[in-house]
Amino acid sequence: MNYVPGDLRDQLAHVGYDVVQAGLVCGSGGNLSARIPDEDACWVTASGAWLDRLSRTGFTAVRVSDGAPASVGALPPPRLAPTSEIALHLALYRARPDVNAVVHLHPQTALLLDALGEHIRIVTTDHAFYLGRVSTVPFRLPGSTEVAALTAAMAADGTDCLVLSQHGCVVMADSVELAHKRARYLEEAAVLTYRALTLGRLDNLREVPEEFLDRLATRPASAVTV
Ligand SMILES: [Zn+2]
């Protein structure tokens, strides 16, 4: 069965609804995008969009190569302003031709750990399969070309999950479905790390062995099934 049948915008709307229900978003924090197949363009959430109330009209198409409004098929260029984080999405699509979906959220547990100077631990095989390694991008102003360039540079080696310090997270994948799973598993890994911290057991928390992560890193994203 298909993940969500229909348009990529329907898939992104499902992601938005689910991540709000899961408590990964407060207010209208976060934004979503998907590369449109065979086009130099992506669908991206409009500025200020509430992620649990998205419909096809809540997205705008933007050219990946230069950030200009894009025409899709017979549709005229959209009038909605894209998310203020559009530079981040475009930089990732330019740096990573294998990436077709980008999910940027402000999940509270991942952000609390970052503010405490703790990294997210990779505890289970789900975390290992779906997240691989999680990198932290040093703080830069949200919406700036600096945060976009730095994040894209750190994702260029194939890293799919990054924490933007004091700001949020960004995950990417070759499909909306896989990006969605990564967003959920990233916060789950953060929650487990946080619980170990509150138990006073973080130093004893056993992580997935490095050799296992190295082996997984050689597998293509499409082979990720657990
Ligand atoms: Zn943000």
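**Reading a buried strand and its surroundings**

Mentor: Of the 226 residues in this chain, buried ones make up 44%. A residue is called buried if 20 or more other C-beta atoms lie within 10 Å of its own, exposed if 12 or fewer, and partly exposed in between, with C-beta atoms placed from the backbone. This is a predicted model: local features need pLDDT of at least 70, side-chain atom pairs count only at pLDDT 80 or more, and totals for chains, interfaces and linings use all residues. Residues are numbered from 1 along each chain as its sequence is written.

Trainee: How many helices and strands does the chain have?

Mentor: Helices (H or I, at least four residues) and strands (E, at least two) are DSSP runs, numbered from the N terminus. Here there are seven helices and seven strands. Their order along the sequence is α-β-β-β-α-β-α-α-β-α-β-β-α-α. The radius of gyration, taken over C-alpha atoms, is compared with a globule rule of 2.2 Å times the number of residues to the power 0.38. The chain has a radius of gyration of 17 Å, close to the 17 Å that the rule gives for 226 residues, so it is as compact as a globular protein of that length.

Trainee: Which residues of β7 are buried on each side?

Mentor: In a regular strand the side chains alternate between the two faces of the sheet. In β7, G168, V170 and M172 are buried on one side, and C169, V171 and A173 on the other. Six of the six residues of β7 are buried, so the strand is largely enclosed by the rest of the structure.

Trainee: How many bridges join β7 to β4?

Mentor: Two strands pair if DSSP finds at least two bridges between them. Five bridges join β7 to β4 (residues 101–105), and the two run antiparallel. V103 stands opposite V171 in β7. β6 also pairs with β7 in the antiparallel sense, over four bridges, and L164 has G168 in β7 as its bridge partner. β6 and β7 form a hairpin with three residues between them, where Q166 in the turn has a positive phi of about 60°.

Trainee: Which residues touch the most other members of the largest nonpolar core?

Mentor: A nonpolar core is a set of buried Ala, Val, Leu, Ile, Met, Phe, Trp, Tyr and Cys residues joined through C-beta atoms within 7 Å. The largest one has 68 residues, and L12, M172, A179 and L186 touch the most other members. Its largest share, nine residues, comes from α6.

Trainee: What does α3 pack against?

Mentor: The buried residues of α3 pack against β5 (134–137), β6 (161–164), β7 (168–173) and α6 (176–198).

Key
Contact = placed C-beta atoms within 7 Å.
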